[in-house]
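Subject: Structure handover

Hello,

Here is the structure I said I would pass on. My notes on it follow below.

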Amino acid sequence: MDVDVRAGLATVPSTAIGVNHAIWDSQLGTDDVADLLRDAGVGMVRYPGGSYADIYHWRDHTAPGGYVAPDTDFDTFMAGAARTGAEPMIIANYGTGTAQEAADWVRDANVTKGYDVRYWTIGNENYGNGHYGAAWEADEHADKSPREYAANVVAYSRAMKAVDSDIKVGAVLTMPGNWPDGIVGEGDTGTWNQEVLTRAGDAIDFVDVHWYPGGGNAAEAVGKAEQIEDAMVLLKEQIDAYGKPGTAVSLTETNVGVGPNTQPGALFLADIYSGLLEQGVFTVQWWNVHNGIGTVSEVAGQRDYGDFGLLSSGTCTADNTVCEPPLNTPFAPYHALSLIGDFARPGDLLVRAGTSDPLVSAHASRRPDGSLAVLLVNQDPANAKPITVSYHGWTPSAAAPVVATYANGATSVTSGSANVLPAYSLTLLTLRPARAEAGPPAPGRPTAAAVTDRTATIGWSGPAGAKFEVYRQHGGASELWGETTGTQLTARNLEPGRRYTVNVVARDAAGRQSRPSPPLTFTTPAPATSTCAVKLTRATDWGNGFVWNLDLSGAGPAADWTLTFTWPTTWQSMTGGWNATWEQTGRTVRVTGGRPAAHDRRLHRRLQRPERPAPRLHPQRLGLLDGLTRTSQSTVPLVMTGR
């Protein structure tokens, strides 16, 4: 395991640790719940709760077609948020409301009552309004397209900011790789995200996404967290391409696909909160504080109630044969949340960490006082793992670290060992530095110029008289690209089509090291010159899978060419290919010329959402395209789905 304090990621904001409240939850705003959330370090709470937001009318506290529990009105919610010490995020009713209704809510909250509610989102999962075939979100607009949603976002934002210009308004996007990302609806000129960002990007302050990655079993569900870095990079690329570059991101609903109130939920929560905060998301919010009993099963030796809440609702199955623990008993994800609250404190700098064990993930944060917190997640349900950590750019003191562990089936976080990770557990190490000394100021965020397939010139600002070191993030141990007393450096021998993330560190004359600069991420283009070319075009997209056409130029005779490429991550895979011979080993795909036997396949997409039934989409049959011919250009279709 490696931790590199020179590889800075993002600084933890006060709103980082978030949860959802719902108006159908009778415990919303109670002292017991508020105190439990405060103890876990919750810094943001969302209201009035998921899809209910699009049927909720704040003025009379009603949700036609849904259940509203007693004592869950806006003032009660705000009192609970104040007791928790958390900032509120409010969802304005888009589906059955108006811009004027939202503006009146801002006036009541911030002008009349002085609550100073800063964050307001326009609707909830509005892409689920039937425009793409699946409808779970209320939407009374005759036009349900992203174009219409974007126009109304602009109207809402103007009306709300006319009341209070200091508020921040967010628009709903879909997560890359999740339905309906990549789908262009009838009558649209682009995808949901493209349309909303292009038309409403200048009117919003942040975008709001949800992520329910699902999973067929506990191991697969927990492992989905490794996808989040790439998904967030893709989302930021969409924002920069179509909207206002640098627009902030909130992720306000997430939960695991298997074992939501046992250890898989805890492990997933720890990884997903850490991974999202490392990518600069300003709040991550679990669905939900309370949710209620679902399908009862046994997961990793523990009874799982199929409950997506952090706390027990104290409910029973319909036949009363199984009941949850007493009301407000913390489930496993709550204990993981409390560890995250200790790990990622406001003002901490998250830094890169990595392991060589695919079943162990690592995250690290550096405190303002120089101490270091290391969060280790052991996804192996059967085997303990030794703890051996190498630190780069930082030296621990000889004092024993403080160790906190949450083990499978435990009812609380306990003191643990600094030598071993129990099977299926979370462990937080907190270490003091060997010496605490102030270094020079951190350099400013770097920029990349003159980026080619092989080189890039990195520039930055920094303290006068310092020496600067440029590091490329590489797992948990960064690679030194070079050092200079100037403020730019040209990196050479880069790989075409590769994504790079770099930081700059300053050293003063005494050799003292600064904190790292904010990270810079850039991607090198395809080779400038080549004897052959490969062009990818997307033929069909159903959200979490797609069909590609590969156009090979200059490939020569059909039987004489070989194409090899590597997926950027382990969670991408090929499920079929035509007009050539295809094979995948690990992340590497090898394609050779030839004419395979004719066949076709049925492709299915299954959307897994814990809080509502999956929309049903018809299977799509793809037939063979024309075979390869002896020309200088051939078309090779590739089917790829995420897993």
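Does Asp 104 count as buried or exposed, and at what relative accessibility? Asp 104 counts as buried because its relative accessibility is 18%, and the cut-off for buried is under 20%. Please keep in mind that this is a predicted model.

Asp 104 also takes part in a salt bridge with Arg 59, where the closest N and O atoms are 3.2 Å apart. Asp 104 belongs to helix α3 (residues 99-112) and Arg 59 to the loop between β3 (44-47) and α2 (74-84), so the pair ties together parts 45 residues apart in sequence. Arg 59 itself is exposed, at a relative accessible area of 58%.

A second salt bridge joins Lys 113 and Asp 75, with 3.1 Å between the closest N and O atoms. Lys 113 is in the loop between α3 and β5 (119-122) and Asp 75 is in helix α2, so this pair ties together parts that are 38 residues apart in sequence. Both partners are partly exposed: Lys 113 at 37% relative accessibility, Asp 75 at 32%.

In the whole structure, the search finds 27 salt bridges. Asp 31, Asp 35, Arg 38, Asp 39 and Arg 83 are linked in a network of them.

Then there is helix α8 (residues 263-278). Its 16 residues should span 22 Å at 1.5 Å a residue, and the end C-alpha atoms are 23 Å apart, which agrees. Of the 16 residues of α8, 16 are buried, so the helix is largely enclosed by the rest of the structure. Gly 280, which follows α8, has a positive phi, near 90 degrees.

Regards

Notes:
Residues numbered from 1 in each chain as written. Predicted model: local features only at pLDDT ≥ 70, side-chain atom pairs only at ≥ 80, totals over all residues. Heavy atoms only, no water. Helix = DSSP H or I, 4+ residues; strand = E, 2+ residues; numbered from the N terminus. Expected span 1.5 Å × (residues − 1). Buried < 20%, exposed > 50% of the residue type's maximum accessible area, 1.4 Å probe, protein only. Salt bridge = Lys/Arg side-chain N within 4 Å of Asp/Glu carboxyl O.
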